[in-house]
Amino acid sequence: LQIPKQYYAKGNYFKLENQKSPFTRLIYPLPEPSGLGVHATIDLSNSTRFGPDVEWLDKATNNPEEIDMNVDPIRAESFYAAIRKYWPDLEDGNLVADYAGIRPKLLHPNVGNVGERK
């Protein structure tokens with residue numbers, strides 16, 4: 001039995017602050033090729049978080065414990081663009097880097113994957 005190589009995608013999340021969320025339910029935009037898109041979730045404390053995005057890690061990454069789990073605030077720019085597709089009233093400056101997770105994947109966009117789906 002051959003275990004296929006795993007690749008890693010980091011999913012970043014941002015939290016809404018200083019603005020009331022209009023959402024009372026989860027919001028899922030149309031899926032993107034590599035994920036479900038940046039969606040809105042509401043946690044048990046009624047805070048709204050957005051994510052995950054898909055940040056592909058280097059294809060040579062073998063140990064997920066060595067991955068930097070900090071969310072780069074620079075990524076907020078792409079979050080604003082994605083969120084404003086379904087919530088155009090999101091104000092600048094109200095997204096704060098929150099947390100990240102790692103998803104193992106069998107395909108990577110920078111690798112010629114056997115059996116890759118187009």
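Rings of Phe, Tyr and Trp (the six-membered ring in the case of Trp) are taken to pair if their centres lie within 6.5 Å; planes under 30 degrees apart make a pair stacked, over 60 edge-to-face, and the rest tilted. With that settled, ring pairs link Phe-23, Phe-50, Tyr-86 and Trp-87 into a cluster. The model is a predicted one, so to speak of local features takes a pLDDT of at least 70 and side-chain atom pairs count only at pLDDT 80 or more, while totals for chains, interfaces and linings use all residues. Residues are numbered from 1 along each chain as its sequence is written, and side-chain values use heavy atoms, with hydrogens and water left out.

First, the overall layout. The chain holds one helix and five strands, and from the N terminus on the order is β-β-β-β-α-β. Helices (H or I, at least four residues) and strands (E, at least two) are DSSP runs, numbered from the N terminus. Along its principal axes, the C-alpha trace spans about 50 × 30 × 25 Å. Of the 118 residues, 34% count as buried, where buried means under 20% relative accessible area, exposed over 50%, and partly exposed in between (1.4 Å probe, protein chains only). The accessible surface comes to about 8,100 Å², and carbon and sulfur atoms own 52% of that; the areas come from the Shrake-Rupley method with a 1.4 Å probe.

Strand E3 (residues 48–51) makes a handy reference point. Both of its faces are covered: Thr-48 and Phe-50 on one side are buried, and so are Arg-49 and Gly-51 on the other. Strands pair if DSSP finds at least two bridges between them. E3 runs antiparallel to strand E1 (residues 7–16), with two bridges joining them, and Lys-15 has Arg-49 as its bridge partner in E3. Strand E2 (residues 39–42) is also antiparallel to E3, this time with four bridges, and here Ile-42 is partnered by Thr-48. The hairpin of E2 and E3 has five residues between the strands, and in it Asn-46 takes a positive phi near 70°. Asp-43 sits in the loop between E2 and E3 and, at 25% relative accessibility, counts as partly exposed. From the C-alpha of Asp-43 to that of Leu-107, 64 residues apart along the chain, the separation is 31 Å.

Back to the aromatics. A search of the whole structure turns up six aromatic pairs. One of them joins Phe-14 and Phe-79, a tilted pair at 4.6 Å centre to centre with 55° between the planes. Phe-14 belongs to strand E1 and Phe-79 to helix H1 (residues 76–83), so this pair ties together parts 65 residues apart in sequence. Phe-14 and Phe-79 are both buried. The rings of Phe-23 and Phe-50 have centres 6.5 Å apart and planes at 75°, so that pair is edge-to-face. Because Phe-23 lies in the loop between E1 and E2 and Phe-50 in strand E3, the pair ties together parts that are 27 residues apart in sequence. Phe-23 counts as buried at 13% relative accessibility, and Phe-50 is buried with a relative accessible area of 0%.
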